[in-house]
Amino acid sequence: METTTGKTYKNYTDKLADTLVKKNAAYGDAFGKSIEKYGYIAALVRMSDKWNRLNNLMLGSDGVDNLGESVQDTLLDLAGYCILTMAELDNENKR
């Protein structure tokens, strides 16, 4: 069995950072705006949606949903929402 190395972890986190930057630019900080408008429940709802999709992908299908999103895509999105929430919490503490 192959072990995961620090280099592999870095590849994942680099990909996550690139994805967050691109999506944040494309969506105009929609996540931050939704937190401002609705509070942290907005983060929980988005994470819950991703968790439900992950559950369906891993337990109820072949690993790809009808929109073409894979388990890996969903995990990346879920991790992204966690990071975005951490950033919002950090920003709130700086105010």
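## Close-up views of charged and nonpolar sites

**View A. Lys50 is buried, because its relative accessible area is 12% (buried is under 20%, exposed over 50%, partly exposed in between; 1.4 Å probe, protein chains only).** The model is predicted, so local features need pLDDT of at least 70 and side-chain atom pairs count only at pLDDT 80 or more, whereas totals for chains, interfaces and linings use all residues. Residues are numbered from 1 along each chain as its sequence is written, and side-chain values use heavy atoms, without hydrogens and water. Lys50 belongs to helix 3 (helices are DSSP runs of H or I, at least four residues, numbered from the N terminus). Leaving aside residues up to four places away in sequence, Lys50 touches Glu69, Thr74, Asp77, Leu78 and Tyr81 (contact: heavy atoms within 4.5 Å). With Glu69, the side chain of Lys50 makes a side-chain polar contact of 3.3 Å (N or O atoms within 3.5 Å, one able to donate a hydrogen and the other to accept it; residues adjacent in sequence count only if both atoms are side-chain atoms).

**View B. Glu69 pairs with Lys50 in a salt bridge, at 3.3 Å from N to O (side-chain nitrogen of Lys or Arg within 4 Å of a carboxyl oxygen of Asp or Glu).** This pair joins distant parts of the chain, 19 residues apart: Glu69 is in the loop between helix 3 and helix 4 (71-94), and Lys50 is in helix 3. Glu69 counts as buried because its relative accessible area is 13%.

**View C. Arg53 is a salt-bridge partner of Glu69, with an N to O distance of 2.8 Å.** Here too the pair links distant parts of the chain, since Arg53 lies in helix 3 and Glu69 in the loop between helix 3 and helix 4, 16 residues apart. Arg53 counts as partly exposed because its relative accessibility is 25%. Between the two side chains there is also a polar contact of 2.8 Å. A further polar contact, of 2.7 Å, connects the side chain of Glu69 with that of Thr74.

**View D. A network of salt bridges links Lys23, Lys50, Arg53, Glu69 and Asp77.** The structure as a whole holds 5 salt bridges.

**View F. A nonpolar patch on the surface is formed by Tyr38, Ile41, Leu44 and Val45 (residues over 30% relative accessible area without a salt bridge, nonpolar side chains joined within 5 Å, like charges within 9 Å).** Together these residues have about 420 Å² of accessible area (Shrake-Rupley method, 1.4 Å probe, only the protein chains shown counting as cover for residues). Helix 3 (residues 41-60) gives the largest share of the patch, 3 residues. Leu44 lies in this helix 3, and because its relative accessibility is 52%, Leu44 counts as exposed.

Notes: Helix = DSSP H or I, 4+ residues; strand = E, 2+ residues; numbered from the N terminus.
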